[in-house]
Amino acid sequence: MNLFDVYPIYPIEIAKGLGSYVWDNNGTKYLDLYGGHAVISIGHTHPHYVERLTSQLNRLGFYSNSIKIPIQEELAEKLGKVSKFEDYQLFLCNSGAEANENALKLASFYNGRKKIIAFSHSFHGRTSLAVAATDNPSIVAPVNETDNVVFLPLNNESALEAYFTAHGNDVSSVIIEGIQGVGGINIASDAFLQKIRSLCTNYNAVFIADSVQCGYGRSGKFYAHDFSGVKADIYSMAKGMGNGFPVAGISIAPHLKPKYSMLGTTFGGNHLACAAALAVLEVIENDNLILNAQVIGDYITGALKGNPKLKEIRGKGLMIGIELFEPCEETRKKLIYDYQIFTGSSSNKNTFRLLPALNLTKADADIFLEAFDKMTK
Ligand SMILES: Cc1ncc(COP(=O)(O)O)c(C=O)c1O
């Protein structure tokens with residue numbers, strides 16, 4: 001049987017990882033500034049993570065959501081504490097798309113409405129509603145097309161206000177990434193997020209903060225939306241949550257009440273997934289990784305800012321977009337093959353992304369900065 005060929009891949013086989021480094025099957029060492037697409041939050045094979053997962057697996061890997069699973073409650077309590085949203089409620093699932101799908105569905109159950117507002121260059125996943133709310137027609141199948149989603153320009157307050165004035169009582173939810181990832185690191189402005197908050201409150205619509213990529217401390221705050229000083233009604237999270245173990249969730253405001261069977265999942269919140277997610281939060285908390293993301297992120301962006309070969313540096317914390325004046329594919333290849341550094345692409349062909357583990361050190365950052373300096377001399 002062949003694999004279904006949907007991914008353009010680099011012909012490199014990664015055989016092991018440790019911290020911010022990975023090794024291929026020939027023993028070549030690479031600096032991982034991609035984190036397997038923003039997934040590796042606490043570094044590869046972190047000893048606490050390995051130990052917590054191993055000991056859980058030795059006791060019990062899985063049992064269904066039809067029984068009491070105390071480790072889910074432990075995770076909810078820890079997430080509430082670390083994210084500082086202790087009065088919110090947690091629903092667990094398996095991937096970012098599924099988290100957004102559940103968020104959009106829950107919003108519609110709540111207010112009985114159908115219209116969803118999403119924004120230009122957004123990416124929310126590949127399942128039916130999530131992909132319909134993604135601004136990329138090439139990945140939307142005919143069966144996913146719907147009139148229920150409207151796209152408005154990002155950071156355009158008057159367009160948003162005008163839409164609400166005309167159709168506000170039909171709007172079920174507004175979904176927005178705090179920092180767009182796939183779209184090429186575009187920051188939602190504080191004023192725009194504040195405007196979404198006030199319009200959603202006025203019209204009883206649900207504010208969904210897609211934190212799948214920009215959440216979990218990557219931006220230097222737990223959720224990138226936190227910079228705006230307003231709270232969303234639902235936060236979706238996934239990537240960094242399990243450091244590679246598939247686990248995702250939505251954090252839900254208290255006024256959105258649960259009802260039996262309105263949401264559900266077979267695998268979501270299983271024992272192993274919760275052990276992985278708890279290990280991640282414990283390391284984030286004990287090692288002060290949100291602060292580290294901010295400090296090392298500022299160090300990298302500060303060092304790159306004077307480089308005249310760069311059109312723009314965007315981002316916050318360790319979610320950094322580097323925009324060149326030309327397509328960046330060759331630069332990324334050179335970084336991999338000549339300097340052994342992994343970075344991430346984006347749908348903006350001139351922009352590549354740095355999405356490393358949140359415990360990246362200054363010395364690791366210097367390896368990239370020196371390589372990049374040489375390349376752009
Ligand atoms: C902002 C955002 N939302 C949702 C998703 C979808 O997550 P998943 O691939 O886990 O379904 C992604 C994935 O890149 C993402 O970046």
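Modeller: What follows is a set of questions and answers on this predicted model.

Colleague: Which residues come nearest to the ligand?

Modeller: The shell around the ligand counts 14 residues. A residue belongs there if its C-beta atom, placed from the backbone, lies within 6 Å. Those that come nearest are G96, A97, G125, V212 and Q213.

Colleague: How far apart do the C-alpha centres of the two domains, domain 1 and domain 2, lie?

Modeller: Domain 1 is made of two stretches, 14–46 and 288–375, while domain 2 covers 47–286. Between the C-alpha centres of domain 1 and domain 2 the distance is 25 Å.

Colleague: Which element supplies the largest share of the side of domain 1 that touches domain 2?

Modeller: The contact draws 28 residues from domain 1 and 30 residues from domain 2. On the domain 1 side, the elements giving two or more residues are helix 1 (35–38), helix 9 (289–305), strand 13 (310–316), strand 14 (319–324) and strand 16 (351–354). This side of domain 1 has 14 polar, 11 nonpolar and three charged residues. The largest share, five residues, belongs to helix 9.

Colleague: Are helix 3 and helix 8 parallel or antiparallel to each other?

Modeller: The axes of helix 3 (residues 70–83) and helix 8 (residues 271–286) come within 9 Å and cross at roughly 30°. Their crossing is left-handed. Angles under 35 degrees count as roughly parallel. Helix 3 and helix 8 are therefore roughly parallel.

Colleague: How do the residues of the contact of helix 3 with helix 8 divide by class?

Modeller: From helix 3 the contact takes I71, Q72, E74, L75, K78, L79 and V82, and these meet H271, C274, A275, A277, L278, L281, I284 and E285 of helix 8. The division is 10 nonpolar, two polar and three charged.

Colleague: Is helix 2 parallel or antiparallel to helix 8?

Modeller: Helix 2 (residues 47–59) has an axis that comes within 9 Å of the axis of helix 8, and the two cross at roughly 155°. Because angles over 145 degrees count as roughly antiparallel, helix 2 and helix 8 are roughly antiparallel.

Colleague: Which residues of helix 2 make the contact with helix 8?

Modeller: Helix 2 and helix 8 pass each other in a right-handed crossing. By class, their contact has 10 nonpolar, three polar and two charged residues. Helix 8 gives H271, L272, A275, A276, L278, A279, V280, E282 and V283, and helix 2 gives H48, Y49, R52, L53, Q56 and L57.

Colleague: How many polar residues does the contact of helix 6 with helix 7 have?

Modeller: Helix 6 (residues 157–167) and helix 7 (residues 190–203) pack at an angle of about 10°, their axes 10 Å apart, and are therefore roughly parallel. Helix 6 contributes E157, L160, E161 and F164, and helix 7 contributes A191, F192, K195, I196, L199 and Y203. By class, that gives seven nonpolar residues, three charged and no polar.

Notes
Residues numbered from 1 in each chain as written. Predicted model: local features only at pLDDT ≥ 70, side-chain atom pairs only at ≥ 80, totals over all residues. Domains from an automatic or database assignment. Contact = placed C-beta atoms within 7 Å. Helix = DSSP H or I, 4+ residues; strand = E, 2+ residues; numbered from the N terminus. Nonpolar A, V, L, I, M, F, W, Y, C, P; charged D, E, K, R; others polar. Axes fitted to C-alpha atoms, helices over the stretch in contact; angles between N-to-C directions. Parallel < 35°, antiparallel > 145°, perpendicular 65-115°, else oblique. Left-handed = near helix turned anticlockwise from the far one by under 90°.
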